[in-house]
Amino acid sequence: MISFLDLKKINKPYEAAFQQKLKAVLENGWYILGKEVETFETAFAKYCKTDYCIGVGNGLDALTLIFKAYIALGKLQKGDEVIVPANTYIASILAVLQADLVPVLVEPRLETYNINPDLIEEKITPKTKVILAVHLYGQLAEMDQLSQIANQNNFLIVEDAAQSHGALQNANNLKFKISNDLDVALSGDKGLSRAAAYSFYPGKNLGALGDGGAITTNDSELAKVLISLRNYGSEKKYYNEYIGVNSRLDEIQAAFLNVKLPNLDADNDKRRAIAKRYLSEIKNDKIVLPFWDFSNNHVFHLFVVRTQNRDDLQSYLSDNGIQTMIHYPVPPHKQKAFSKWNTLSFPVTEKIHNEVLSLLISPVLTEEEVSFIVEVINKY
Ligand SMILES: Cc1ncc(COP(=O)(O)O)c(C=O)c1O
């Protein structure tokens with residue numbers, strides 16, 4: 001069986017460097033918020049071309065803390081509404097709820113799986129204050145349209161970049177080259193400042209050997225609050241300005257991420273190369289391939305196709321030794337945890353969840369494996 005995600009193979013080349021780092025951290029004796037976290041924060045901010053990076057415990061906390069920080073700064077209030085794509089991973093919605101804000105679901109485009117900006121207007125109320133742009137599966141949401149809406153209505157834009165590390169780098173044709181450049185691209189009003197949340201869950205494009213997350217931003221005020229919030233709401237030991245949490249990027253995970261970050265662009269190139277092959281070589285009328293605007297620097301965290309008989313395709317591929325996954329089988333509004341939403345109808349979202357299947361895409365997939373996968377799919 002070709003496994004969907006071979007984490008052992010992905011991390012194997014780094015083994016010696018990981019061991020060296022582990023030894024260095026052990027010998028250093030400073031295990032929380034030490035040099036490795038600081039080095040990673042500097043390197044990742046540079047990579048994302050932002051002024052600040054704040055390492056936190058995981059991607060969910062990264063997103064939650066952005067909202068909490070805006071509340072602490074008085075830019076949001078509990079009960080404010082956040083526009084969220086209806087087909088996002090559950091964590092985007094949990095973050096909104098954990099900050100006592102209200103998620104308002106908006107349908108995605110069937111073609112891109114990202115939020116449909118044309119459908120946002122009808123969901124705006126006097127309480128709407130934020131658009132949460134999720135770059136699902138590694139493809140940027142339509143940031144120019146979203147920023148236009150945000151600019152017209154004085155909304156904040158927060159990005160869920162948990163699946164899109166590097167999507168904004170080298171995107172020459174984009175109007176907004178990097179996420180947090182939006183500050184500059186819009187009115188220059190720092191009141192509209194934005195932040196992006198990243199996850200370093202092991203399977204992500206930049207994955208640790210455990211949980212990890214980070215926030216990038218150009219907003220110094222926001223960064224200052226976040227540095228405090230992740231550490232019990234305290235910047236100076238035993239003095240607490242905010243009601244914070246304990247969610248710090250772990251020193252050892254930061255050390256591992258410092259080893260892997262320099263390879264992120266090369267890994268993303270490999271993902272894109274596989275995506276290009278799938279897009280040009282898969283020829284099967286039963287399968288709808290994902291839309292990729294080549295001017296958009298998609299990083300293909302996932303390669304998600306659609307088909308009417310998804311479960312049948314999945315078992316056929318499994319019978320042929322190819323493991324696939326479903327991202328995601330149940331949409332947020334149909335989850336038991338959100339029973340009050342269960343009767344709502346989001347036809348595009350439901351169609352997506354019924355039809356999607358994620359094909360294998362990872363930097364360690366070989367040319368031969370890709371050829372084999374294509375061949376099997378074309379015979380389906
Ligand atoms: C879109 C999205 N948002 C947020 C998260 C949460 O990240 P983490 O698992 O690090 O908490 C994930 C991770 O799975 C995700 O895919």
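Colleague: Where is lysine 49 placed?
Modeller: In this predicted model, lysine 49 has a positive phi of about 55° although it is not a glycine. As for its place, lysine 49 lies in the loop between helix 3 and strand 1 (52-56).

Colleague: Is lysine 49 buried, partly exposed or exposed?
Modeller: The relative accessible area of lysine 49 is 47%. Buried means under 20% and exposed means over 50%, so a value in between is called partly exposed. Lysine 49 therefore counts as partly exposed.

Colleague: Which loop holds tyrosine 238?
Modeller: Tyrosine 238 is a residue other than glycine with a positive phi, near 70°. Most residues other than glycine have a negative phi. The place of tyrosine 238 is the loop between strand 8 (234-236) and strand 9 (239-240).

Colleague: Is tyrosine 238 buried or exposed?
Modeller: Its relative accessibility is 69%. The cut-off for exposed is over 50%, so tyrosine 238 counts as exposed.

Colleague: What is omega for the peptide bond that joins histidine 327 and tyrosine 328?
Modeller: Tyrosine 328 is in the loop between helix 11 (310-319) and helix 12 (347-355). Most peptide bonds are trans. The bond joining histidine 327 and tyrosine 328 is cis, with omega about 15°.

Colleague: Which residues make the nonpolar surface patch of about 320 Å²?
Modeller: One of them, Tyr31, is found in the loop between helix 2 (15-28) and helix 3 (35-47). Residues in a patch have over 30% relative accessible area, and tyrosine 31 is partly exposed at 42% relative accessibility. The patch is made by Leu26, Tyr31 and Ile32.

Key
Residues are numbered from 1 along each chain as its sequence is written. This is a predicted model: local features need pLDDT of at least 70, side-chain atom pairs count only at pLDDT 80 or more; totals for chains, interfaces and linings use all residues. Side-chain values use heavy atoms; hydrogens and water are left out. Patches are made of residues with over 30% relative accessible area and no salt bridge: like charges are joined within 9 Å, nonpolar side chains (Val, Leu, Ile, Met, Phe, Trp, Tyr) within 5 Å. Accessible areas come from the Shrake-Rupley method with a 1.4 Å probe; for residues, only the protein chains shown count as cover. A salt bridge is a side-chain nitrogen of Lys or Arg within 4 Å of a carboxyl oxygen of Asp or Glu. Helices (H or I, at least four residues) and strands (E, at least two) are DSSP runs, numbered from the N terminus. Buried means under 20% relative accessible area, exposed over 50%, partly exposed in between (1.4 Å probe, protein chains only).
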